[in-house]
Amino acid sequence: MSALFSPITLRGLALPNRIMVAPMCQYSAVNGEANDWHFTHINSLALSGAAMFCIEATAVEAIGRITPGCLGLWNDATEAALRPILASVRKHSKTAVAMQLAHAGRKASSHTPWDGGQLIPVSEGGWQAEGPSAVPHKETETPPRAFDAAGLKRVREAFVASAKRAERLGIDALEVHCAHGYLLHQFLSPIANQRSDEYGGSLQNRMRFPLEVFEAVRAAFPATKPVGLRVSATDWVEGGWDLPQTIEFALELKKRGLDWIDVSSGGVSPLQKIPLGPGYQVPLAQAVKEATSLTTIAVGLITEARQAEDIVASGKADMVALARGMLYDPRWGWHAAAELGAEVAAPPQYWRSQPSTQKALFGATTFGTR
């Protein structure tokens with residue numbers, strides 16, 4: 001039996017396999033509102049064979065968007081825009097739908113990647129970004145405005161409000177975005193966080209705000225539904241956030257009811273030196289899993305079925321998440337199941353696609369004509 005296609009339960013959510021479609025920014029929303037692109041993108045990847053699809057980083061307030069095209073869930077309009085998309089997914093797919101709640105912090109007000117991805121100045125239609133400290137992501141950029149107590153309260157409440165909207169939409173699980181150099185990661189990293197109050201300095205202080213946000217989201221979302229968190233396990237910069245600190249953070253999250261930890265890396269500094277290669281972040285996930293016993297998701301250049309199978313079967317992680325691999329092959333889960341001799345759900349409209357050598361790929365199916 002394939003380990004990758006064995007079931008797993010996250011709190012009250014039962015998943016038939018260990019594959020998640022990772023959250024992937026599409027930079028295609030208007031005023032935070034999902035549109036026809038998201039309808040096509042989400043419905044397509046909801047049929048990938050993965051047990052769970054995670055909606056892209058979803059900003060909890062307008063100034064928390066990375067780009068003007070980033071998805072949001074901060075008002076009635078952004079909530080309403082997602083409703084028909086989710087209704088279509090539920091009609092045609094059995095996949096669980098998660099959502100990643102996010103705030104860009106000092107990396108907000110950026111151009112889309114295909115337009116260069118750099119800071120949009122306020123004078124050119126951007127907006128004033130906020131962060132833990134008045135320290136810019138790049139030395140040549142306008143510094144963000146440092147959060148005061150009222151601003152931190154506003155952001156906590158925004159995460160809570162978005163969590164409640166996600167529940168109204170019927171979202172099955174939430175992932176708090178604490179990675180890739182965005183706001184909560186900025187608080188963790190001494191590179192971005194140079195505060196001298198109770199939210200800066202020591203590891204305990206730098207963890208304080210991300211832990212407060214997680215606790216608030218956990219309390220606002222139904223107790224039967226899981227809440228996970230994505231973390232950058234290292235900044236890949238000397239003197240920055242690193243794996244030992246990540247483990248301490250993960251242990252604190254575990255005390256607060258974390259259901260999974262999705263282990264990524266990098267993003268807080270342009271000085272990072274990332275040793276890219278197949279599965280390059282898996283050792284980070286493995287280290288967190290071994291130190292904490294948390295349900296752990298590995299992500300990053302996982303592209304092959306047997307590679308993913310080995311990660312789960314060997315206990316390096318409990319699940320895998322794929323992003324670019326799913327964009328390149330939107331039926332990755334089907335093809336992995338076929339290669340590993342497993343079974344995967346597919347809508348009846350596609351049952352005819354089973355290869356002649358894989359008649360049980362979609363389970364017990366019948367198809368007749370006259």
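Reply: Helices (H or I, at least four residues) and strands (E, at least two) are DSSP runs, numbered from the N terminus. The model is predicted, with local features needing pLDDT of at least 70 and side-chain atom pairs counting only at pLDDT 80 or more, while totals for chains, interfaces and linings use all residues. Residues are numbered from 1 along each chain as its sequence is written, and side-chain values use heavy atoms, without hydrogens and water.

A search of the whole structure for cavities of 30 Å³ or more returns one. A cavity here is a set of points on a 1 Å grid over the protein atoms alone where a 1.4 Å probe fits but cannot get out, and its lining residues have an atom within 4 Å of a point. The largest cavity holds about 50 Å³ of space, the volume being that filled by probe spheres set on grid points joined across faces, edges and corners. Strand 4 (residues 52–59) supplies the largest share of the lining, three residues. The lining consists of Ala 57, Thr 58, Ala 59, Gly 64, Arg 65, Ile 66, Cys 70, Ala 102, His 103, Ala 104 and Tyr 182. By class, seven are nonpolar, three polar and one charged (Ala, Val, Leu, Ile, Met, Phe, Trp, Tyr, Cys and Pro count as nonpolar; Asp, Glu, Lys and Arg as charged; the others, Gly among them, as polar).

Now the packing. Beyond four places in sequence, Phe 249 has contacts (heavy atoms within 4.5 Å) with Cys 178, Leu 188, Met 207, Pro 210, Leu 211, Leu 229, Val 231 and Trp 241.

As for the cysteines, the whole structure has zero disulfides (pairs of cysteine sulfur atoms within 2.5 Å). Cys 54 is in none, and its nearest cysteine sulfur, that of Cys 25, is 11 Å away. Because its relative accessibility is 1%, Cys 54 counts as buried (under 20% relative accessible area, 1.4 Å probe, protein chains only; exposed is over 50%, partly exposed in between). Cys 178, a contact of Phe 249, is also in no disulfide, with the nearest cysteine sulfur, that of Cys 54, 15 Å away. At 0% relative accessibility, Cys 178 counts as buried.

Conventions
On a 1 Å grid over the protein atoms alone, a cavity is a set of points where a 1.4 Å probe fits but cannot get out, and a pocket is an open set with protein on both sides within 12 Å along at least five of seven lines; lining residues have an atom within 4 Å of a point.
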